[in-house]
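Here is a quick tour for anyone opening this one up for the first time. Take a look at the picture, then read on.

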There are 2 protein chains.
Amino acid sequence: MAKNIKSLQRREREREELREQILSAAMNILVSEGYEAVTIRRLANEIEYTPGALYSYFKDKDEIVFALVVRAAQHLNKVFQAQESLPNPLERLWAIGRAYLKFAMEHQEYYDLLFIMSTPIQKISEAEFSEGYTAFIILRQTVGECMEHGYLPRADADVAAFALWSFVHGSVSLMIRKRLAIIPEEKYQDLLHGAYNFLMSSMMPRHHEQPDATLPKPFPKLKDLQKSKKK
Amino acid sequence: MAKNIKSLQRREREREELREQILSAAMNILVSEGYEAVTIRRLANEIEYTPGALYSYFKDKDEIVFALVVRAAQHLNKVFQAQESLPNPLERLWAIGRAYLKFAMEHQEYYDLLFIMSTPIQKISEAEFSEGYTAFIILRQTVGECMEHGYLPRADADVAAFALWSFVHGSVSLMIRKRLAIIPEEKYQDLLHGAYNFLMSSMMPRHHEQPDATLPKPFPKLKDLQKSKKK
DNA sequence: TAAAAAAAATGAACATTGTTCAATAAAAAT
DNA sequence: ATTTTTATTGAACAATGTTCATTTTTTTTA
């Protein structure tokens with residue numbers, strides 16, 4: 001009658017470990033082979049279980065993918081939070097933008113999952129997904145401060161933050177989803193970089209000169225997220 | 001020996017008609033039920049043939065989808081070309097942007113296909129896809145003229161056009177792919193509209209006041225492109 | 001420690017996808 | 001009319017996510 005609480009705790013812990021194993025395998029496959037390769041059978045194989053077993057750890061595939069989205073969001077949030085120490089809001093705004101571009105281009109698979117893919121996002125509105133807002137809130141805060149300092153025209157901070165986010169998101173998502181066939185791929189680095197400086201400078205004063213060292217050059221080769229289906 | 005050229009022409013024509021039927025059905029289903037519903041068997045059913053028959057009209061599904069992309073591009077091009085009559089480049093630039101937003105929000109399925117989805121885009125780099133560039137070329141031309149008139153800072157026209165494109169693309173794709181859960185959907189209209197005016201005005205002088213009548217209000221309800229799989 | 005209960009994992013199925021291909025039907029050429 | 005060419009079918013295949021009765025393993029109880 002008195003359940004052995006020790007073994008129950010251990011079971012709980014082991015379940016958590018296996019969940020972690022599944023997600024970890026999913027992350028690895030996502031990064032190394034692209035989203036298409038992240039399949040239930042593949043994951044089951046990876047953790048040496050049978051496909052059906054996964055369904056006692058996750059309700060369905062969407063739940064797995066959503067967990068990956070959360071991780072990607074946490075990753076981005078760290079990047080954003082690392083910029084918060086910069087005291088000058090204009091400088092911080094520029095830095096946030098650069099960090100965003102860097103994150104997107106260096107972790108295209110995460111970025112795609114987080115901001116482009118359709119799959120697991122229905123849930124986001126329902127589920128608790130505070131991780132998804134953090135970055136935006138930091139951006140909005142910074143934009144607001146920029147307005148106070150006269151670096152940006154006064155306007156609704158939501159609107160202005162959305163505008164800037166739209167710009168950087170548009171840039172990287174056009175690249176990731178390969179809508180720039182007009183432009184040779186060698187120019188992507190310059191294009192992204194140039195557009196960022198052009199638009200940002202046009203909108204607001206340039207902060208004190210800063211080397212673009214935080215932008216990796218050259219960007220990692222754009223991996224084909226939609227890998228060959230045929231073997 | 002002398003093949004009946006009459007009947008050959010007719011056969012050719014009939015094949016073309018069936019091809020057209022397939023694509024037309026695909027467009028209808030795409031718009032009314034979303035991309036997920038555009039399936040080989042569904043299309044076969046629609047034209048009252050067997051699934052396998054489609055493969056004598058199209059190499060594979062990607063070829064069908066690519067044909068839809070081309071149509072979507074032609075649609076957008078018409079919208080862009082309609083703006084070319086505006087003599088003042090600044091005014092034209094604003095109009096092009098507004099037309100782009102309108103197109104995207106009123107034809108989200110086409111837009112998604114054209115600029116967001118992964119599926120059929122590998123081919124674009126290879127295939128002849130002049131339709132895909134037309135709109136960008138018009139934009140770049142206008143941006144160039146704006147620079148000449150001093151409406152925009154002088155810079156590489158490719159870079160500047162890409163920057164502006166990125167912005168509007170980012171806006172609509174964040175909406176279409178539902179990454180704005182922070183913001184209530186009723187505000188989308190104001191958000192899009194406000195961000196456009198904010199960013200454009202910050203970058204360049206506002207052209208003579210123009211009612212925003214070309215932006216539909218309210219925007220059509222965002223349809224769930226990733227419809228319910230389960231019935 | 002042995003039996004009973006609970007939990008976990010399997011394995012085989014199902015319904016969908018896109019796609020192929022030998023066999024058949026239809027149409028055109030001889 | 002026969003032959004040849006073309007078009008269409010229908011059945012299969014592989015791969016996807018998912019379910020569920022059965023079996024195995026683990027835990028609890030006696």
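## Where the two chains meet

Between chain A and chain B, the count of salt bridges is 0; a salt bridge here is a side-chain nitrogen of Lys or Arg within 4 Å of a carboxyl oxygen of Asp or Glu. This is a predicted model, where local features need pLDDT of at least 70 and side-chain atom pairs count only at pLDDT 80 or more, while totals for chains, interfaces and linings use all residues. Residues are numbered from 1 along each chain as its sequence is written, chains are lettered from A and ligands numbered from 1 in the order in which they are written, and side-chain values use heavy atoms, with hydrogens and water left out.

So what does the meeting place involve? Chain A puts in 47 residues and chain B puts in 47 residues, with contact meaning heavy atoms within 4.5 Å. The buried area between them is about 4200 Å², and carbon and sulfur atoms give 72% of that; buried area is the accessible area (1.4 Å probe) that two parts lose on being put together, summed over both. On the chain A side, F162(A), R179(A) and F198(A) supply 19% of the area buried against chain B, more than any other three residues.

## How the copies are related

## Salt bridges elsewhere

Over all chains, the count comes to 16 salt bridges. One pairs K102(A) with E106(A), whose closest N and O atoms are 3.9 Å apart. Both lie in helix α4 (residues 89–106) of chain A, 4 residues apart, about one turn of the helix; helices are DSSP runs (H or I, at least four residues), numbered from the N terminus.

## Helix α5 and a neighbour

Helix α4(A) also packs on α5(A), at an angle of about 105° with the axes 5 Å apart. Axes are lines fitted to C-alpha atoms, for helices over the stretch in contact, and angles run from 0 to 180 degrees between N-to-C directions. That makes the two helices, α4(A) and α5(A), roughly perpendicular, the word for 65 to 115 degrees.

Methods
Parallel < 35°, antiparallel > 145°, perpendicular 65-115°, else oblique.
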